Amino acid sequence: MAEPTTTTQPERGWPNLKQHVVEHKIEVGLWALRLLAILFTIAYFIPIFGNPYNVYYKALISNSAINALRLHQRMPPIQFSAAFFAELCLEDSFHYLFYASIFLYASPIALVLIPIFLFALLHFSSYSLTLLDCIGQNRMWAARLMISLVEFQSGNILRFIALTEVILMPITIFLVFSGRAGLLTPFIYYHFLRLRLNSRRNPYTRNVFYEIKNSISILAAKPSVPPIIKRILSYFLHFLQMMEPVRQQQQ
């Protein structure tokens, strides 16, 4: 008579966490880089330690490293072809690698760090739960509670990130006139925002964009709005029309 087979469950605790780290080096590296991006952003807004000017650029560099690693995970080996470039432009990681490069050579702008901080917080929280499960499912309940709060608000966080992305477009124009950004910054950011509007994985920027466009259309149609304001709004709507996602225009 054959003896019943027993399946051995992996041992929970610090040895299991150590094994997980060894087997998932890139994921753990991303987790550590996201923690750095969070800490650098907090250090910029609450300058207790170090120079806030320096930590601002460290946050941007951390974001670049995160998204470069994500592209390494998601994309095939580099190919010099139109198909590869088209696929690259659809990746959110490429968008935020591009985003960091736009502001790396401009004066610090607090609003620029908001999407970096919130994306890092969302993904850091998600993977922290995986690491906590390696230690034990009933361990560190306070940390688990904080993670669950972040995940519960993930929809609102993504909407706020999308709103920040859209608002930064006119802000880059004002930065040129104030001398805090180069003449090309708004044009380059315009292309970043178009990439975000065509994202295949994140519809939040598209949704916020259309909500803003519809609100402006409703405002411009009101009889009480002065003619000069209507003219300004019509020019702005024309500009938004040019930014519409390619897929939406085809539909």
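Before sorting any lining by class, I noted the rule: Ala, Val, Leu, Ile, Met, Phe, Trp, Tyr, Cys and Pro count as nonpolar, Asp, Glu, Lys and Arg as charged, and the others, Gly among them, as polar. I also kept in mind that this is a predicted model.

**Entry: second largest pocket**

I counted 16 lining residues, with Phe124, Ser125, Ser128, Ala143 and Ile147 nearest the centre. Which element gives the most to this lining? I found that α6 does, with 7 residues. I listed α2, α6 and α7 as each supplying at least two.

**Entry: largest pocket**

Next I turned to the largest pocket, which holds about 600 Å³ of space. It is lined by 27 residues, and I marked Arg34, Arg70, Phe119, His123 and Arg201 as the closest to its centre. I wrote down α2 (25-45), α3 (52-74), α5 (92-103), α6 (113-135) and α7 (141-152) as the elements giving two or more residues each. Here, too, α6 has the largest share, 9 residues. By class, I got 12 nonpolar, 8 polar and 7 charged residues for this lining.

**Entry: α2 against α6**

Since α6 kept turning up, I looked at its packing. How are α2 and α6 set to each other? Their axes lie 8 Å apart at an angle of about 135°. Angles over 145 degrees would count as roughly antiparallel, so I put α2 and α6 down as oblique to each other. I noted their crossing as left-handed. On the α2 side, the contact includes Trp31, Arg34, Ile38 and Phe45, and on the α6 side it includes Phe117, His123, Phe124 and Ser128. I sorted the residues of this contact into 17 nonpolar, 3 polar and 2 charged.

**Entry: α6 against α8**

Last, I checked α6 with helix α8 (residues 154-177): the angle is about 160° and the axes are 9 Å apart. That makes α6 roughly antiparallel to α8. This crossing is left-handed as well. I found Ile114, Pro115, Leu118, Phe119 and Leu122 of α6 meeting Ser154, Ile157, Leu158, Phe160, Ile161, Thr164 and Glu165 of α8. By class, I wrote 9 nonpolar, 2 polar and 1 charged for the contact of α6 with α8.

Notes: Residues numbered from 1 in each chain as written. Predicted model: local features only at pLDDT ≥ 70, side-chain atom pairs only at ≥ 80, totals over all residues. Heavy atoms only, no water. 1 Å grid on protein atoms, 1.4 Å probe; cavity = no way out; pocket = protein on both sides within 12 Å on 5 of 7 lines; lining within 4 Å. Points joined across faces, edges and corners; volume = space filled by probe spheres on them. Helix = DSSP H or I, 4+ residues; strand = E, 2+ residues; numbered from the N terminus. Axes fitted to C-alpha atoms, helices over the stretch in contact; angles between N-to-C directions. Parallel < 35°, antiparallel > 145°, perpendicular 65-115°, else oblique. Left-handed = near helix turned anticlockwise from the far one by under 90°. Contact = heavy atoms within 4.5 Å.
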